[in-house]
Amino acid sequence: MSDAKVESPAAANAPANGTKPVERKVVVKSVDMSDEMRTDAIKIITDAFDANTIEKDIAANIKRECDRKFGATWHVIVGRNFGSYVTHETKHFLFLYVDQTAVMIFKSG
């Protein structure tokens, strides 16, 4: 896993209600996945933030889309303050911040 910080502003697509797109600051803290999967996962995550405001709904959206795109079984944690210690499949882990909210996704099982 990499502890390097990668800053990547993610410009989201315009929300369905026609409001202005939201600029989100994405900072990758730790990653163990291919570059292509990471790019797809970040898009899934930022889209979930655009579509939802409640953390559990954001997490459910991310899980549903990761299971669909990458195959089951993904686990997703979204929040401003949490600790974790997880076991994951090799090349299937991502921990990042979207603005001030942490997101951890990993495949296990």
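Modeller: Before we start, strands here are DSSP runs of E with at least two residues, numbered from the N terminus. And keep in mind that this is a predicted model.

Colleague: Got it. So where does K91 lie?

Modeller: K91 is in the loop between strand 3 and strand 4, the latter covering 93-98. Its phi is positive, about 65°, although K91 is not a glycine.

Colleague: Is K91 buried, partly exposed or exposed?

Modeller: Partly exposed, because its relative accessibility is 48% and the exposed class begins over 50%.

Colleague: Switching topic: which peptide bond is cis?

Modeller: The one from A72 to T73, with omega near 10°. T73 falls in the loop that links helix 2 (55-70) to strand 3 (74-79).

Colleague: Now zoom out for me. How many helices and strands does the protein have?

Modeller: Two helices and five strands. Along the sequence they run β-β-α-α-β-β-β.

Colleague: And how much of the protein is buried?

Modeller: Buried residues are 39% of the 109 residues. The accessible surface is about 6,500 Å², and carbon and sulfur atoms hold 50% of that.

Colleague: Last one: what share of the contacts with a separation of 6 or more comes from residues 24 or more positions apart?

Modeller: Those pairs account for 54% of them.

Notes
Residues are numbered from 1 along each chain as its sequence is written. This is a predicted model: local features need pLDDT of at least 70, side-chain atom pairs count only at pLDDT 80 or more; totals for chains, interfaces and linings use all residues. Side-chain values use heavy atoms; hydrogens and water are left out. Helices (H or I, at least four residues) and strands (E, at least two) are DSSP runs, numbered from the N terminus. Buried means under 20% relative accessible area, exposed over 50%, partly exposed in between (1.4 Å probe, protein chains only). Contact means heavy atoms within 4.5 Å. Accessible areas come from the Shrake-Rupley method with a 1.4 Å probe; for residues, only the protein chains shown count as cover.
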